[in-house]
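Dear colleague,

Please find below the structure that I am handing over to you. My findings follow it, and I would be grateful if you read them with the structure open.

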Amino acid sequence: MSDGANIEYYIGEVITLRLSCLDDQGQPSDLDGYTAEGWVRQSPRDETDVIDLSPTISDPASGVVEVDAPTDGVLAGNYTWRVLLVDAQTKPIVTGK
């Protein structure tokens with residue numbers, strides 16, 4: 001889990017993130033069988049996505065999750081973001097702020 005991470009961008013840029021998921025010993029987590037989802041919202045309690053991050057698990061064996069999301073039409077401000085990894089039994093692993 002990542003705490004205190006901020007995403008800063010200018011309107012019209014693409015948010016590009018590369019997240020490495022590690023276990024307790026700092027080794028890559030195997031993400032085979034997981035799916036990823038993610039969003040940017042006004043606040044943690046808000047249910048409306050400002051941006052759908054559409055994360056992908058680009059390298060499951062190495063625990064790598066990538067995000068390439070456009071910011072067109074999103075006004076400047078403070079937002080909260082989240083990336084979730086969900087296994088086949090829908091037990092979420094949370095990363096992000």
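The protein has seven strands and zero helices. Its pattern along the sequence is accordingly β-β-β-β-β-β-β. Please keep in mind that this is a predicted model.

Some overall values come next. The protein has 97 residues, and 30% of them are buried. The accessible surface amounts to about 6300 Å², and carbon and sulfur atoms account for 46% of that surface.

Strands β1, β5 and β4 form an open sheet in the order β1-β5-β4, with antiparallel pairing. β1 and β4 each have a single partner strand and stand at the edges, so one side of each lacks a neighbour in the sheet. From one strand to the next, the twist averages 30°. The antiparallel pairing of β4 and β5 extends over three bridges. As a detail to look up, Asp-59 stands opposite Val-64 in β5.

Which residues have the most contacts inside the largest nonpolar core? They are Leu-31, Ile-51, Leu-53, Val-65, Trp-81, Val-83 and Leu-85, in a core of 16 residues. The elements that contribute two or more residues to this core are β1 (14–20), β5 (64–70) and β6 (80–86). Val-65 deserves a separate look. Setting aside residues up to four places away in sequence, Val-65 touches Leu-17, Arg-18, Leu-19, Cys-21, Leu-31, Ala-36, Pro-55, Thr-56, Ile-57, Val-83 and Leu-85.

Two individual residues remain to be described. The first topic is Arg-41, which lies in strand β2 (residues 35–41). Is Arg-41 buried or exposed? Its relative accessible area is 16%, and residues under 20% count as buried, so Arg-41 is buried. The side chains of Arg-41 and Asp-49 are joined by a polar contact of 2.9 Å. Beyond its neighbours within four places in sequence, Arg-41 is in contact with Asp-46, Glu-47, Thr-48, Asp-49, Val-50, Tyr-79 and Thr-80. Arg-41 and Asn-78 are 37 residues apart along the chain, and their C-alpha atoms are separated by 9.2 Å.

The other residue is Ser-54, found in the loop between β3 (51–52) and β4 (56–59). The phi angle of Ser-54 is near 45°, which is a positive value in a residue other than glycine. With a relative accessible area of 43%, Ser-54 is partly exposed.

With kind regards

How values were computed: Residues are numbered from 1 along each chain as its sequence is written. This is a predicted model: local features need pLDDT of at least 70, side-chain atom pairs count only at pLDDT 80 or more; totals for chains, interfaces and linings use all residues. Side-chain values use heavy atoms; hydrogens and water are left out. Helices (H or I, at least four residues) and strands (E, at least two) are DSSP runs, numbered from the N terminus. Buried means under 20% relative accessible area, exposed over 50%, partly exposed in between (1.4 Å probe, protein chains only). Accessible areas come from the Shrake-Rupley method with a 1.4 Å probe; for residues, only the protein chains shown count as cover. A nonpolar core is a set of buried Ala, Val, Leu, Ile, Met, Phe, Trp, Tyr and Cys residues joined through side-chain atoms within 4.5 Å. Contact means heavy atoms within 4.5 Å. A polar contact is a pair of N or O atoms within 3.5 Å; within protein, one must be able to donate a hydrogen and the other to accept it, and residues adjacent in sequence count only if both atoms are side-chain atoms. Two strands pair if DSSP finds at least two bridges between them. Axes are lines fitted to C-alpha atoms, for helices over the stretch in contact, and angles run from 0 to 180 degrees between N-to-C directions.
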